[in-house]
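Me: I have just opened this entry and would like a guided look at it. Could we go through a few places one by one?

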Amino acid sequence: MSDRDGGARARPGAATGVGLAIEAATEHVEVLVRDAAGGTLALEVEDVGHGHTRRLTPIVARALARANVAARDLEWVAADLGPGSFTGVRVGLATARGLAMAADARVLGASSLAALALTSAARRSLVVPLVPAGRRDVYAGFFRADSRGTITLLAAPCVGPAAEVLERVDEARAILGGAPVRFIGPGAARERDALERAHEGSAAHATREGGLSAEDLAAAALSTRGVAAGLPGNGEDPAPVYVRAAQAEERVRHRALAGEIVTLRAMRDDDLPAIAAIERQVFSDAWPESFFAGELAQPQVDARVAEQDGAIVGYSLAWLGEGTGHLGNLAVAPGHRRRGIARRMLLDLFERAQARGAGTLALEVRASNVAAQGLYRAHGFRLAGLRRGYYRDTGEDALVMERRPRDADMAPAPATHEGGRRPGP
Ligand SMILES: CC(C)(COP(=O)(O)OP(=O)(O)OC[C@H]1O[C@@H](n2cnc3c(N)ncnc32)[C@H](O)[C@@H]1OP(=O)(O)O)[C@@H](O)C(=O)NCCC(=O)NCCS
């Protein structure tokens, strides 16, 4: 799969000057005021429990007063984008936005997991930052540290009990050639026994055991190294990273979607202008219409569209061969996402792949593409390989994901289409 979503992650001219960082992704809240040289002018720390809404503004006010900085003099304001407490992340980012608007300052953000990952001094390892998520669960991030200690995003984060995270760790280690794992962060301290039982020494030196740090957040939000760690780049609008939806949102969404009618059918030549328009909207390196037209003529190509009220809202293109198939493209128009359209297209593909004897399906997906990895994982795809620097526009890694039929779990890995590279136009 050529997932070309995710866009460029350039961070032109990282912000400098006096700034304020709000770390409110967990109950342990820190607000830091920094001078233009990176020195600490004030650091306020408070454990707020569930009181982010009530407590955060007074903490910010106290930090500014102690630093002797007026809010209007701030040049950047950074917030933790999560994952973490839903309320903490929302209140933190909203407060940062409000302050920045008043001061005409830049809003910056970094994910809690990436900010932790950048504190790791690991080399040649799988780095897994853990942030507590409710009583039994932890949020887990997956990063790789190379021989020089450079941290790069490896795969989308997950949330679950330690046992589930450990399964994901085994998958991630396998595509890194069995690299050792290092757990860090407050979640690693909480789950130390289970982690150490599975990987001795892996959680012995967990950083930030006492809670997430505003210093780390500021460093990550301002750092150009954040690009590789999968942080939003400067100039991009920082958006929260929730990993799982709030239960209330889920209920509303499912109710709203009941009764929507979407039809799936084979792709036709006269669909191509509409498909090419979605392609351009969704991908930074869109396939041109002529490329789709050429593929449609190939016998092994399985190309489908999803239609709603006469308009094309999604499409997929796969190559189905004997024994194996390769999903080359799947997209849903932005206004129609999270309505189960991609899910329906995948289930439809699985049926036809099986009928054509293509039991094992493979694809490539960007390391930073949280939505697509969530979708594929929910439908039985697992990590099967890593192609470093695969995407030419950003140099980002591609994850190879595979879905094998249950009765063929031991089958040899399939050859992907054209040696695994998307046959680009
Ligand atoms: C990835 C993409 C195709 C998903 O389409 P979609 O129609 O919104 O997906 P669905 O509504 O069918 O989601 C099915 C499941 O996938 C997962 N999922 C979908 N979007 C997700 C997201 N943003 N974050 C986490 N999981 C997500 C969830 O498990 C979801 O089930 P749920 O809604 O019950 O939680 C769509 O986001 C897209 O077109 N992205 C841009 C193009 C792209 O990246 N294509 C894939 C290239 S590899």
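**A conversation about the model**

Reply: We may begin with Gln373, which touches Ala155, Ala156, Val365, Arg366, Ala367, Ser368, Leu399 and Met401, leaving aside residues up to four places away in sequence. Please keep in mind that this is a predicted model.

Me: Which helix does Gln373 lie in?

Reply: Gln373 is part of helix 12, which covers residues 370-378.

Me: And is Gln373 buried or exposed?

Reply: Gln373 has a relative accessible area of 5%. Buried means under 20%, so Gln373 counts as buried.

Me: What does the side chain of Gln373 reach?

Reply: It reaches the backbone oxygen of Arg366, at 2.9 Å. Arg366 is also among the residues that Gln373 touches.

Me: Let us step back. Which domains does the assignment give?

Reply: The domain assignment lists domain 1 (19-113 + 215-243), domain 2 (122-198) and domain 3 (248-420).

Me: How many residues are in contact between domain 1 and domain 2?

Reply: Ten residues of domain 1 are in contact with twelve residues of domain 2. The centres of domain 1 and domain 2, taken over C-alpha atoms, are separated by 25 Å.

Me: What area is buried between domain 1 and domain 2?

Reply: The area is about 970 Å², and carbon and sulfur atoms give 73% of it.

Me: New topic: helix 10. Which of its residues are buried?

Reply: In helix 10, residues 289-296, the buried residues are Phe291, Phe292 and Glu295. These three cover an arc of only 100° around the axis, and therefore they lie on the same side of helix 10.

Me: What covers the buried residues of helix 10?

Reply: The cover includes helix 9 (272-282), together with strand 11 (301-308), strand 12 (311-320) and strand 13 (324-332).

Me: Now some loops. Where is Ala37 found?

Reply: Ala37 sits in the loop between strand 2 (28-34) and strand 3 (40-47). Its relative accessibility is 77%, so Ala37 counts as exposed. The C-alpha atoms of Ala37 and Gly17 are separated by 7.4 Å, and these two residues are 20 residues apart along the chain.

Me: The peptide bond from Gly82 to Pro83, is it cis or trans?

Reply: That bond, from Gly82 to Pro83, is cis, with omega near 5°. Pro83 belongs to the loop between strand 4 (76-80) and helix 2 (86-103).

Me: What is the phi of Asp104?

Reply: Asp104 has a positive phi of about 55°, although it is not a glycine. Asp104 is placed in the loop between helix 2 and strand 5 (106-110). With a relative accessible area of 72%, Asp104 is exposed.

Me: And what about the phi of Arg208?

Reply: Arg208 is not a glycine, yet its phi is positive, at about 55°. Arg208 lies in the loop between helix 6 (192-198) and helix 7 (214-222). A relative accessible area of 35% makes Arg208 partly exposed.

Definitions and conventions. Residues are numbered from 1 along each chain as its sequence is written. This is a predicted model: local features need pLDDT of at least 70, side-chain atom pairs count only at pLDDT 80 or more; totals for chains, interfaces and linings use all residues. Side-chain values use heavy atoms; hydrogens and water are left out. Buried means under 20% relative accessible area, exposed over 50%, partly exposed in between (1.4 Å probe, protein chains only). Helices (H or I, at least four residues) and strands (E, at least two) are DSSP runs, numbered from the N terminus. The arc is that of the directions from the helix axis to the C-beta atoms. Contact means heavy atoms within 4.5 Å. Domain bounds come from an automatic or database domain assignment. Buried area is the accessible area (1.4 Å probe) that two parts lose on being put together, summed over both. A polar contact is a pair of N or O atoms within 3.5 Å; within protein, one must be able to donate a hydrogen and the other to accept it, and residues adjacent in sequence count only if both atoms are side-chain atoms.
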